[in-house]
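Have the model open beside you as you read.

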Amino acid sequence: MNRTQHPPRPRRFSRACQAGLLALVLGWPWLAAAQQVSPRKVFGHLRQWTWTEQHGLPPSAVIAALRTRDGYVWLSTEAGVARFDGVEFTRVTQAGEAGGRLSAATAFLEDRAGSLWMATDGSGLVRWRDGRFTTYGTADGLPSLRVLSLLEDRQGALWVGTSGGLAHLTEQRFTVYRSTDGLPSNEITAVTQDRRGDIWAGTRFGLARIRDGQVHSYAERHGLPATIIHALVPGDDGELWLGTNGQGVLRFAEDRVTPFGVAQGLSHAMVQSMMRDRDGAIWVGTYGGGLCRLAEARYRCAGTRDGLAGDRVSSITQHADGDIWLGTEGGLVQLKDPPLQVLGTEDGLAHDYVGALLTDRTGTLWVASVLGLNRYRDGRVTIYTTRDGLPSNAIRSIAEDRAGAIWFGGVEGLARYENGRFSTFTAPPGSPATRAYSILEDRSGRLWLGGHGVISEFRDGAFNSMPLPGPTPTSDVLAMHEDAEGSLWLGTRGGGLVRYRDGVFTRWTTDDGLSSDHIEIIHEDSSGSLWLGTSTGLNRLRNGRFVQFAEATGLSGVPVVSLVPDGVGHLWIGTGAGLYRAGLAQLNDVADGTRAELTAAAFGLADGLLSRDFSGASRTGGRAPDGHLWFATTRGLVRVRPERIRQSLSRTLIERVTVDTADVDAAGPVRIRATQKNLEIRYGALQWERPGAVAYRYRMLGLDRDWILAKERRTAYYPYLPPGSYTFEVMADNGYGEWPDAAVRLDITAIPAFYQTWAFALATGAAGMALLGYVWRRRERTVRRQQALQHGFAQRLIGSQEAERQRIASELHDSLGQRLVVINNLALLAMEPSAPPEVSREQLRQISQQAGDALDEVTQISYNLRPYQLDRIGLTKAIEAVIHSASMASGVSISPALDDVDGLLSRDGEINLYRILQECLNNVVKHAQATAASVTVSRDEALLRVTVQDNGRGFDLSTLPTGSGKGGFGLIGLRERATLLGGSLTIESTPDRGTRVHVDIPLTT
């Protein structure tokens, strides 16, 4: 025998591992939209969930797919290998390959140690373990880089079918079998192991068995066609099932071949894949006929005509939870027997639009539809119409009495089904009891009908009707319920909630706290609380008080048409926007205000429902004796099997961490340099029960005060983390609102910049203190200098005031006082008796003249204190007057250009401006030796400008006093008056070239 053995090269293998030459590089994920749920069931009970290119699946057909034990689904297309977590597809590339691209995988295998093996079409054999790739090629002993099939035998050894022979990997050594060793062909397309431990190889030209290292081939003399064998599946009885390239499926046992091909019901003769499920059935994926299942020697097949994604099924695997995964040319398919199943016309119902329903004591389901009444029992549907005795096909209500008879109410009257026959009862023409929207038998055995504005007691074939109270007596009675105390509760369309007790009606409406007066369903829990489904949400009535559920709970704003308890503490709520499951204890806590958050699980299209709109007839939900829940929708009948809801916790993962778009190790710890800012953390969860319903929450300990509810968002962004140590925590719920006790954690350190360290802070603080001391000392010197200047000015001001007082006193004494003395003496002389009359007259004339001169002097003194013109004629005219006086007294030609400035300044401001102009003109007249001068006063909205300019002798500005010495009070006074006005004063002068004084005064509004 010419077998060859090649050990893999340990140095190359080790180098690849140590250097990380082959590594997983996760590109940007393909974002997946919600998967497609087919309305057609496979084999009568399996619901199809499909992901295609529009959902994020990499383009082209799915060649192979496998869900591994860690929860991921690995799949291969012509675009390469991808990993899927239920929401996002992530492309897998291999560093070191040409362009980093991993060749398409023809098969996947997960061994008992948890390694994932990939058979690639050109890249050899690839192993993925602990986040690292290891590649085996021809240099390691593999006979070919085209790997076609894989098998792990019972001893844990690996068998690898290639285009160059069959390789057996044990203890890091390859043993190779080729056609020279007896194989029909070197192209090994399938490999398996039977119950005896023999290895079987399907090749391009037939079948071979390897036992104790010896090869035995089977050919046409054994009844086997010389054709490609694409799949091999061992059976329980020692038989071998073969999937061939044109002969369909063959059963090979005891050297005999039995065909199970097209003649026996297989949909196509070319088989691509096969699998044996845990029930023993053989699944067959064909090249053009879709999927078939062989059980009890009978095929059932499904293809695109039945809603399957594709008719070419290249891969079939079953996970431990029972779900079937298919790789097709139309996408990735998950088949499962879900807790929610929809029954429709394909299951025998008269119509998909169903309404009222009832599960009777025998487990029979009665369902009303728009085309008749359906009875569902033991998987079979019987349809009843008016031809069978119903008064109408439009059934609105169904009830069962204590004797087991079934009652049906509609728009045409009442019917009873008993002993296999219908009996019809109608009210007199025009009676409001004709319509029976709801039916109830109370504890005393009385049958009540809810009609058009009335309730009726039906007894002995007669209708005893009682009208409802209130302003809307024509309200239809949609729901009826008898509480623990025997009161009859009525839910009406537009008339609110009505209670009938001891012959008395009592009514409650929105004025009493109801969210709507349209009530569809009434349910009483074990505590005696009434739960009301209304057209605008869920309400609770307890102890006479109504509670409406808030919008945040999802149970507000949508019609609630069914309320069904499941017997294990949950209330199932059918609404116009889907089906909800909420814990009754939680509902009560939220209604009582002791709990803020309601973790209600919402079920919709992604869970297999074909419509989120639940019908609004009476009793559209119910619980059967077997514990299953039934609900009516506008697109079929929904069955919920609570026992099949797997509420296992999700496996939360931190999948990717980037800092400034650069990937870092997601296992952590993460260190962020001072120059880096943007932190992005991608996380996910592996949960295949309801992957699209998984919600997330996260927080950054040390930064976030509380959990951040991210809902379906799978990325946390932190544009900046202050220097410090943090721990990022994230967790995922299980798709039903239940959270784990612990979160996944990632340690993060934000490294401070040099200027953010304590040493830099201390150095900066010391420098700051020194600078503060310098500024303080400089400020002190400035304040002392300003105080000295203010003190000097105050002294000069006081001296000026004293000089002014002396001047006024001198003028009063020397001038006015002397004149008063003269007047007094003249008056005494005039009063002498001996004075002749002419003398007295002269003295009186002199007295009059002296008195006039005294008045002129008083006027001048008053003018010097405050010009009277300011009060009499205004500031503008006063300025004109002082300019005219200065010009007339000096002979200097003074040209005025004045805007109207009356009312712009305060009383004190006007006198200050006047004195500035007066002082400037005095300087022109007394000192400038000028022949011409000009005075300009202009204004705008913000500023008053004053300019006095002459052509006199000027002076050297450097000789101006500093303000701290003697003299120069006139110029200092000008500056101080300008400062009092809030303005600024500038002086421009050059010897022999005149002087210009300019004042800017801001105007306030």
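Cys920 is buried, because its relative accessibility is 5%, and buried here means under 20%. Keep in mind throughout that this is a predicted model.

How many disulfides does the structure hold? There is one disulfide, and its partners are Cys292 and Cys301, with sulfur atoms 2.1 Å apart. The link of Cys292 and Cys301 is right-handed, with 110° about the S-S bond. Cys301 has a relative accessibility of 23%, so it counts as partly exposed.

Now to the charged side chains. Side chains of opposite charge can pair when their charged atoms come close. Across the whole structure, a search finds 37 salt bridges.

| Salt bridge | N to O distance |
|---|---|
| Arg204 and Glu187 | 3.9 Å |
| Arg276 and Asp236 | 2.2 Å |
| Glu880 and Lys877 | 3.8 Å |

Take Arg204 and Glu187, whose closest N and O atoms are 3.9 Å apart. This pair links distant parts of the chain, 17 residues apart: Arg204 is in the loop between strand 19 and strand 20 (206-211), while Glu187 is in the loop between strand 17 (173-177) and strand 18. Arg204 has a relative accessible area of 35%, so it is partly exposed.

Where do the partners in the salt bridge of Arg276 and Asp236 (2.2 Å, N to O) lie? Arg276 belongs to strand 26 (residues 271-276), and Asp236 sits in the loop between strand 22 (229-234) and strand 23 (240-244), so the pair ties together parts that are 40 residues apart in sequence. Arg276 is partly exposed because its relative accessible area is 28%. Asp236 counts as partly exposed too, with a relative accessibility of 48%.

The salt bridge between Glu880 and Lys877 has its closest N and O atoms 3.8 Å apart. Both residues lie in helix 6 (residues 875-890), where they are three residues apart, about one turn of the helix. Glu880 has 35% relative accessibility and so counts as partly exposed. Lys877 is partly exposed as well, because its relative accessible area is 45%. Elsewhere, salt bridges that share partners join Arg40, Lys41, Arg305, Asp306, Glu346 and Asp347 into one network.

Asp194 is found in the loop between strand 18 (188-193) and strand 19 (199-203). Its side chain makes a polar contact with the side chain of Trp200 (2.8 Å). A polar atom of the Asp194 side chain also lies 3.0 Å from the backbone nitrogen of Arg196.

Tyr353, Val370 and Leu371 make a nonpolar surface patch of about 280 Å². Val370 is in the loop between strand 35 (365-369) and strand 36 (372-377). With 46% relative accessibility, Val370 counts as partly exposed.

Note on methods:
Residues are numbered from 1 along each chain as its sequence is written. This is a predicted model: local features need pLDDT of at least 70, side-chain atom pairs count only at pLDDT 80 or more; totals for chains, interfaces and linings use all residues. Side-chain values use heavy atoms; hydrogens and water are left out. Patches are made of residues with over 30% relative accessible area and no salt bridge: like charges are joined within 9 Å, nonpolar side chains (Val, Leu, Ile, Met, Phe, Trp, Tyr) within 5 Å. Accessible areas come from the Shrake-Rupley method with a 1.4 Å probe; for residues, only the protein chains shown count as cover. A salt bridge is a side-chain nitrogen of Lys or Arg within 4 Å of a carboxyl oxygen of Asp or Glu. Helices (H or I, at least four residues) and strands (E, at least two) are DSSP runs, numbered from the N terminus. Buried means under 20% relative accessible area, exposed over 50%, partly exposed in between (1.4 Å probe, protein chains only). A disulfide is a pair of cysteine sulfur atoms within 2.5 Å. A polar contact is a pair of N or O atoms within 3.5 Å; within protein, one must be able to donate a hydrogen and the other to accept it, and residues adjacent in sequence count only if both atoms are side-chain atoms.
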